[in-house]
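Subject: Structure handover

Hello,

I am passing on the structure that we talked about, and below it you will find my notes on what turned up when I went through it. Please read them with the structure open beside you.

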Amino acid sequence: MPVTCQAKCGKRAVLKRPKTGDALCKECFFWAFETEIHHTITNGKLFKRDDLVAVAASGGKDSTVLAYVLKLLNEKYDYGLKLVLLSIDEGITGYRDDSLETVKQNRDDYEMPLKVLSYEDLYGWTMDAIVAQIGKKNNCTFCGVFRRQALDRGAAQLRVNVLATGHNADDIAETVIMNVLRGDIARLRRCTAVITDGAGSIPRVKPLKYSYEKEIVMYAYFKRLVYFSTECIYAPNAYRGHARTFLKDLEKIRPSAIIDIIHSGEQLTIKDSVEVPKRGVCSQCGFVSSQKICKACTLLEGLNKGLPKLGIGKTSKVNKYLNNKNNVDM
(Lines give C-alpha, C1' and ligand atoms only; values in the text may rest on other atoms or scores of the structure.)
Protein backbone atom coordinates (compact mmCIF):
# COMPACT_ATOMS: atom_id res chain seq x y z
CA MET A 1 0.00 0.00 0.00
CA PRO A 2 1.44 3.42 -1.00
CA VAL A 3 2.62 5.63 1.86
CA THR A 4 1.61 9.29 1.83
CA CYS A 5 4.23 11.96 2.45
CA GLN A 6 4.27 12.84 6.16
CA ALA A 7 4.70 16.53 5.32
CA LYS A 8 1.01 16.39 4.38
CA CYS A 9 1.56 17.61 0.84
CA GLY A 10 -0.66 14.82 -0.47
CA LYS A 11 2.04 13.23 -2.64
CA ARG A 12 3.35 9.70 -2.41
CA ALA A 13 6.40 9.18 -0.19
CA VAL A 14 9.44 7.80 -2.01
CA LEU A 15 11.97 7.66 0.83
CA LYS A 16 12.35 7.40 4.59
CA ARG A 17 14.77 9.89 6.12
CA PRO A 18 17.54 8.08 8.03
CA LYS A 19 17.87 11.14 10.28
CA THR A 20 14.25 11.47 11.43
CA GLY A 21 12.45 8.39 10.14
CA ASP A 22 9.93 10.57 8.26
CA ALA A 23 8.48 9.21 5.01
CA LEU A 24 8.67 12.02 2.44
CA CYS A 25 8.23 12.71 -1.24
CA LYS A 26 11.26 13.98 -3.16
CA GLU A 27 10.23 17.65 -3.09
CA CYS A 28 9.59 17.68 0.67
CA PHE A 29 12.87 15.88 1.30
CA PHE A 30 14.73 18.47 -0.78
CA TRP A 31 13.03 21.27 1.18
CA ALA A 32 13.81 19.69 4.57
CA PHE A 33 17.44 18.90 3.67
CA GLU A 34 18.16 22.36 2.23
CA THR A 35 16.32 24.20 5.02
CA GLU A 36 18.34 22.40 7.71
CA ILE A 37 21.58 23.48 6.01
CA HIS A 38 20.22 27.03 5.71
CA HIS A 39 19.51 27.04 9.45
CA THR A 40 23.03 25.73 10.17
CA ILE A 41 24.44 28.60 8.09
CA THR A 42 22.26 31.32 9.61
CA ASN A 43 22.28 30.11 13.22
CA GLY A 44 26.04 29.60 13.14
CA LYS A 45 26.63 32.88 11.30
CA LEU A 46 28.99 31.09 8.92
CA PHE A 47 29.12 33.84 6.30
CA LYS A 48 28.85 37.59 5.92
CA ARG A 49 27.48 39.39 2.91
CA ASP A 50 30.07 39.88 0.12
CA ASP A 51 32.28 37.08 1.51
CA LEU A 52 34.46 35.29 -1.01
CA VAL A 53 34.01 31.61 -0.11
CA ALA A 54 36.24 28.74 -1.23
CA VAL A 55 34.46 25.38 -1.34
CA ALA A 56 36.90 22.53 -0.71
CA ALA A 57 36.13 20.29 -3.69
CA SER A 58 37.25 16.69 -4.00
CA GLY A 59 34.63 15.51 -6.49
CA GLY A 60 33.04 13.25 -3.86
CA LYS A 61 29.43 13.30 -2.76
CA ASP A 62 29.93 15.69 0.19
CA SER A 63 31.78 18.46 -1.63
CA THR A 64 29.56 18.11 -4.71
CA VAL A 65 26.37 18.45 -2.66
CA LEU A 66 27.95 21.28 -0.65
CA ALA A 67 28.81 23.25 -3.79
CA TYR A 68 25.36 22.65 -5.29
CA VAL A 69 23.43 23.57 -2.13
CA LEU A 70 25.55 26.65 -1.36
CA LYS A 71 24.92 27.96 -4.87
CA LEU A 72 21.20 27.21 -4.54
CA LEU A 73 20.83 28.79 -1.07
CA ASN A 74 23.00 31.75 -2.01
CA GLU A 75 20.57 32.55 -4.81
CA LYS A 76 17.39 31.61 -2.90
CA TYR A 77 18.15 33.58 0.28
CA ASP A 78 20.41 36.24 -1.26
CA TYR A 79 23.44 35.59 0.95
CA GLY A 80 25.49 37.79 -1.36
CA LEU A 81 28.41 35.32 -1.50
CA LYS A 82 31.00 34.80 -4.22
CA LEU A 83 31.79 31.09 -4.53
CA VAL A 84 34.94 29.42 -5.89
CA LEU A 85 36.09 25.80 -5.91
CA LEU A 86 39.42 24.82 -4.35
CA SER A 87 40.75 21.34 -5.06
CA ILE A 88 43.87 19.54 -3.86
CA ASP A 89 45.68 17.01 -6.06
CA GLU A 90 47.44 14.63 -3.69
CA GLY A 91 49.05 12.71 -6.53
CA ILE A 92 47.28 9.36 -6.22
CA THR A 93 47.28 7.64 -9.61
CA GLY A 94 43.97 6.05 -10.55
CA TYR A 95 42.08 7.96 -7.87
CA ARG A 96 42.64 11.69 -7.59
CA ASP A 97 43.38 12.19 -11.28
CA ASP A 98 39.96 10.68 -12.05
CA SER A 99 38.10 12.59 -9.32
CA LEU A 100 39.54 15.89 -10.57
CA GLU A 101 37.64 15.34 -13.79
CA THR A 102 34.46 15.31 -11.70
CA VAL A 103 35.54 18.56 -10.01
CA LYS A 104 35.97 20.12 -13.45
CA GLN A 105 32.44 18.96 -14.31
CA ASN A 106 31.19 20.63 -11.10
CA ARG A 107 33.03 23.78 -12.16
CA ASP A 108 31.16 23.82 -15.47
CA ASP A 109 27.78 22.76 -14.04
CA TYR A 110 27.76 25.27 -11.17
CA GLU A 111 29.65 28.02 -13.04
CA MET A 112 32.26 28.48 -10.31
CA PRO A 113 35.95 29.31 -10.81
CA LEU A 114 38.30 26.43 -9.91
CA LYS A 115 41.80 26.45 -8.45
CA VAL A 116 43.81 23.23 -8.16
CA LEU A 117 46.94 22.88 -6.01
CA SER A 118 49.09 19.76 -5.95
CA TYR A 119 51.23 18.18 -3.22
CA GLU A 120 54.03 17.94 -5.77
CA ASP A 121 54.03 21.69 -6.38
CA LEU A 122 53.66 22.57 -2.69
CA TYR A 123 55.87 19.94 -1.06
CA GLY A 124 57.82 18.27 -3.85
CA TRP A 125 56.17 14.93 -3.09
CA THR A 126 53.12 13.03 -4.37
CA MET A 127 51.22 10.60 -2.16
CA ASP A 128 52.32 7.77 -4.45
CA ALA A 129 55.96 8.69 -3.74
CA ILE A 130 55.27 9.06 0.00
CA VAL A 131 53.62 5.64 0.19
CA ALA A 132 56.64 4.16 -1.60
CA GLN A 133 58.74 5.55 1.28
CA ILE A 134 56.51 5.05 4.33
CA GLY A 135 54.32 2.12 3.29
CA LYS A 136 50.57 1.91 3.77
CA LYS A 137 50.46 1.88 7.56
CA ASN A 138 50.83 5.60 8.32
CA ASN A 139 50.23 7.13 4.91
CA CYS A 140 46.91 8.73 5.93
CA THR A 141 48.76 10.80 8.54
CA PHE A 142 50.85 12.42 5.81
CA CYS A 143 47.88 12.93 3.52
CA GLY A 144 45.64 14.41 6.21
CA VAL A 145 48.28 16.84 7.50
CA PHE A 146 49.39 17.96 4.05
CA ARG A 147 45.82 18.29 2.81
CA ARG A 148 44.75 20.51 5.71
CA GLN A 149 47.68 22.82 5.14
CA ALA A 150 47.29 22.72 1.35
CA LEU A 151 43.72 23.98 1.74
CA ASP A 152 45.00 26.81 3.95
CA ARG A 153 47.64 27.65 1.35
CA GLY A 154 45.07 27.62 -1.45
CA ALA A 155 42.62 29.74 0.53
CA ALA A 156 45.40 32.25 1.21
CA GLN A 157 46.35 32.40 -2.47
CA LEU A 158 42.73 32.99 -3.44
CA ARG A 159 42.41 35.62 -0.69
CA VAL A 160 39.07 34.19 0.40
CA ASN A 161 37.25 35.19 3.57
CA VAL A 162 36.00 31.71 4.43
CA LEU A 163 36.83 28.09 3.52
CA ALA A 164 33.79 25.76 3.46
CA THR A 165 34.42 22.04 3.86
CA GLY A 166 32.09 19.10 3.25
CA HIS A 167 32.41 17.51 6.70
CA ASN A 168 29.07 15.83 7.44
CA ALA A 169 27.51 14.60 10.69
CA ASP A 170 29.02 11.12 10.30
CA ASP A 171 32.51 12.58 9.80
CA ILE A 172 32.23 14.71 12.94
CA ALA A 173 30.86 11.86 15.08
CA GLU A 174 33.71 9.63 13.88
CA THR A 175 36.21 12.35 14.80
CA VAL A 176 34.73 12.66 18.30
CA ILE A 177 35.13 8.90 18.77
CA MET A 178 38.70 8.94 17.46
CA ASN A 179 39.72 11.83 19.71
CA VAL A 180 38.17 10.15 22.76
CA LEU A 181 40.04 6.92 22.01
CA ARG A 182 43.31 8.82 21.49
CA GLY A 183 42.76 11.10 24.48
CA ASP A 184 43.32 14.12 22.24
CA ILE A 185 41.74 16.84 24.38
CA ALA A 186 42.77 19.76 22.16
CA ARG A 187 41.14 18.33 19.04
CA LEU A 188 38.17 17.00 21.00
CA ARG A 189 37.33 20.54 22.06
CA ARG A 190 37.30 21.99 18.53
CA CYS A 191 36.26 19.03 16.32
CA THR A 192 32.53 19.70 16.81
CA ALA A 193 32.80 23.45 16.19
CA VAL A 194 30.89 24.63 13.13
CA ILE A 195 33.53 27.35 12.67
CA THR A 196 37.23 26.80 13.36
CA ASP A 197 40.03 29.32 13.10
CA GLY A 198 43.00 30.58 15.02
CA ALA A 199 46.20 32.60 14.87
CA GLY A 200 44.98 34.67 11.95
CA SER A 201 44.13 31.67 9.77
CA ILE A 202 41.21 31.76 7.37
CA PRO A 203 38.07 30.46 9.14
CA ARG A 204 36.76 27.04 8.13
CA VAL A 205 33.05 26.34 8.25
CA LYS A 206 30.99 23.14 8.10
CA PRO A 207 27.55 23.82 6.57
CA LEU A 208 26.85 20.04 6.45
CA LYS A 209 27.63 19.55 10.15
CA TYR A 210 24.17 18.12 10.96
CA SER A 211 23.58 16.38 7.60
CA TYR A 212 23.68 12.57 7.66
CA GLU A 213 25.91 10.89 5.09
CA LYS A 214 23.02 8.67 3.93
CA GLU A 215 20.85 11.70 3.27
CA ILE A 216 23.64 13.42 1.35
CA VAL A 217 23.83 10.34 -0.89
CA MET A 218 20.04 10.31 -1.30
CA TYR A 219 20.00 14.03 -2.14
CA ALA A 220 22.74 13.60 -4.75
CA TYR A 221 20.92 10.59 -6.22
CA PHE A 222 17.50 12.24 -6.53
CA LYS A 223 19.05 15.48 -7.81
CA ARG A 224 21.13 13.46 -10.28
CA LEU A 225 24.32 15.24 -9.29
CA VAL A 226 27.60 14.05 -10.80
CA TYR A 227 30.09 12.91 -8.17
CA PHE A 228 33.04 10.53 -7.79
CA SER A 229 32.31 7.57 -5.50
CA THR A 230 35.48 5.42 -5.60
CA GLU A 231 37.27 5.09 -2.25
CA CYS A 232 40.91 6.15 -2.01
CA ILE A 233 43.18 3.18 -2.73
CA TYR A 234 45.18 3.92 0.44
CA ALA A 235 42.16 4.45 2.75
CA PRO A 236 41.39 0.84 3.84
CA ASN A 237 44.25 0.98 6.32
CA ALA A 238 43.13 4.26 7.91
CA TYR A 239 42.40 4.42 11.64
CA ARG A 240 39.23 6.34 10.84
CA GLY A 241 37.84 3.23 9.18
CA HIS A 242 37.60 1.48 12.54
CA ALA A 243 35.74 4.43 14.07
CA ARG A 244 33.39 4.43 11.05
CA THR A 245 32.61 0.73 11.48
CA PHE A 246 31.94 1.25 15.19
CA LEU A 247 29.63 4.20 14.45
CA LYS A 248 27.66 2.26 11.82
CA ASP A 249 27.11 -0.58 14.30
CA LEU A 250 25.83 1.93 16.85
CA GLU A 251 23.55 3.53 14.27
CA LYS A 252 21.88 0.17 13.54
CA ILE A 253 20.85 -0.03 17.19
CA ARG A 254 20.15 3.68 17.71
CA PRO A 255 19.66 5.82 14.55
CA SER A 256 20.13 9.02 16.57
CA ALA A 257 23.63 7.91 17.71
CA ILE A 258 25.35 10.22 15.20
CA ILE A 259 23.64 13.40 16.39
CA ASP A 260 23.84 12.22 20.03
CA ILE A 261 27.62 11.91 19.77
CA ILE A 262 27.94 15.35 18.16
CA HIS A 263 25.81 16.95 20.90
CA SER A 264 27.89 15.15 23.53
CA GLY A 265 31.06 16.55 21.99
CA GLU A 266 29.55 20.04 21.97
CA GLN A 267 28.75 19.82 25.68
CA LEU A 268 32.13 18.54 26.83
CA THR A 269 34.06 20.96 29.02
CA ILE A 270 37.68 20.89 30.14
CA LYS A 271 38.92 21.83 33.58
CA ASP A 272 40.85 25.08 33.76
CA SER A 273 43.75 23.17 35.31
CA VAL A 274 44.19 21.05 32.15
CA GLU A 275 46.75 22.54 29.78
CA VAL A 276 45.63 22.60 26.16
CA PRO A 277 48.07 23.48 23.36
CA LYS A 278 47.47 26.97 22.03
CA ARG A 279 47.26 27.45 18.29
CA GLY A 280 49.87 29.77 16.87
CA VAL A 281 51.90 29.84 13.65
CA CYS A 282 54.75 27.63 12.49
CA SER A 283 58.18 29.26 12.69
CA GLN A 284 59.13 27.76 9.32
CA CYS A 285 56.10 28.04 7.03
CA GLY A 286 53.99 30.62 8.88
CA PHE A 287 50.79 28.55 8.79
CA VAL A 288 48.67 27.57 11.79
CA SER A 289 50.27 25.19 14.31
CA SER A 290 50.02 24.24 17.99
CA GLN A 291 53.78 23.55 18.03
CA LYS A 292 56.79 25.73 17.25
CA ILE A 293 57.22 23.76 14.03
CA CYS A 294 54.04 22.45 12.44
CA LYS A 295 53.33 18.81 11.67
CA ALA A 296 53.51 19.40 7.92
CA CYS A 297 57.01 20.85 8.12
CA THR A 298 58.11 18.04 10.43
CA LEU A 299 56.79 15.33 8.11
CA LEU A 300 58.33 17.06 5.10
CA GLU A 301 61.68 17.32 6.91
CA GLY A 302 61.59 13.59 7.56
CA LEU A 303 60.79 12.77 3.94
CA ASN A 304 63.53 15.02 2.59
CA LYS A 305 66.12 13.63 5.05
CA GLY A 306 65.25 9.99 4.36
CA LEU A 307 63.58 9.69 7.78
CA PRO A 308 59.92 9.25 6.77
CA LYS A 309 58.84 8.18 10.27
CA LEU A 310 60.24 11.31 11.92
CA GLY A 311 56.83 12.94 12.39
CA ILE A 312 55.10 9.71 13.39
CA GLY A 313 54.95 9.13 17.11
CA LYS A 314 55.93 11.17 20.14
CA THR A 315 56.58 14.89 19.83
CA SER A 316 59.54 14.62 22.20
CA LYS A 317 61.47 12.51 19.68
CA VAL A 318 60.79 15.05 16.95
CA ASN A 319 61.90 17.95 19.13
CA LYS A 320 65.09 16.10 20.09
CA TYR A 321 65.97 15.52 16.43
CA LEU A 322 65.20 19.12 15.43
CA ASN A 323 67.21 20.52 18.34
CA ASN A 324 70.21 18.37 17.40
CA LYS A 325 69.83 19.46 13.78
CA ASN A 326 69.71 23.13 14.73
CA ASN A 327 72.82 22.76 16.93
CA VAL A 328 74.71 21.14 14.03
CA ASP A 329 73.60 23.89 11.62
CA MET A 330 74.88 26.54 14.02
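I begin with a loop residue: Glu 111 lies in the loop between α3 and β5 (114–118), where helices (H or I, at least four residues) and strands (E, at least two) are DSSP runs, numbered from the N terminus. At 67% relative accessibility Glu 111 counts as exposed, where exposed means over 50% relative accessible area, buried means under 20%, and partly exposed lies in between (1.4 Å probe, protein chains only). The phi of Glu 111 is near 55°, a positive value in a residue other than glycine.

Before going further, please keep in mind that this is a predicted model, in which local features need pLDDT of at least 70 and side-chain atom pairs count only at pLDDT 80 or more, while totals for chains, interfaces and linings use all residues. Residues are numbered from 1 along each chain as its sequence is written, and side-chain values use heavy atoms, with hydrogens and water left out.

Lys 8 also has a positive phi, about 65°, although it is not a glycine. Lys 8 lies in the segment before β1, and it is exposed, with a relative accessible area of 77%.

Now for the chain as a whole, which has 13 helices and 10 strands. With 330 residues, a compact globule would have a radius of gyration near 20 Å, and the protein chain has 21 Å, which agrees; this radius is taken over C-alpha atoms, and the globule rule is 2.2 Å times the number of residues to the power 0.38. Along its principal axes the C-alpha trace spans about 75 × 45 × 40 Å. Of the 330 residues, 47% count as buried. If contact is taken to mean heavy atoms within 4.5 Å, then residues 24 or more positions apart account for 69% of the contacts with a separation of 6 or more. The chain carries 50 positive and 37 negative side chains, and the centres of the two sets lie 5 Å apart; here Lys and Arg count as positive and Asp and Glu as negative, while His and the chain ends are not counted, and the place of a charge is taken as NZ of Lys, CZ of Arg, CG of Asp or CD of Glu.

Which residues have the most contacts inside the largest nonpolar core? They are Phe 29, Phe 33, Ile 41, Phe 47, Val 65, Leu 70 and Tyr 219, in a core of 39 residues. A nonpolar core is a set of buried Ala, Val, Leu, Ile, Met, Phe, Trp, Tyr and Cys residues joined through side-chain atoms within 4.5 Å. Several elements each supply at least two residues of this core, among them α1 (26–44), α2 (61–76), α3 (96–110) and α9 (213–223). Leaving aside its neighbours within four places in sequence, Phe 47 is in contact with Ile 41, Val 53, Leu 70, Leu 81, Val 162, Val 205 and Pro 207. A second, separate core of 36 residues includes Tyr 123, Leu 151, Ala 296 and Cys 297.

In α9, the residues Glu 213, Glu 215, Ile 216, Met 218, Tyr 219 and Ala 220 are buried, and the buried residues of α9 pack against β1, α1, α2, α7 (169–182) and α10 (240–253). Just after α9, Arg 224 takes a positive phi of about 60°. Helix α12 (residues 295–304) is mostly covered, with 8 of its 10 residues buried, including Ala 296 and Cys 297. Gly 306, whose phi is positive, near 75°, follows α12.

Not counting residues up to four places away in sequence, Arg 17 touches Asp 22, Leu 24, Phe 29, Ala 32, Glu 36 and Glu 215. Arg 107, in helix α3, is partly exposed, with a relative accessible area of 31%. Apart from neighbours within four places in sequence, Arg 107 is in contact with Leu 85, Met 112 and Leu 114.

With best wishes
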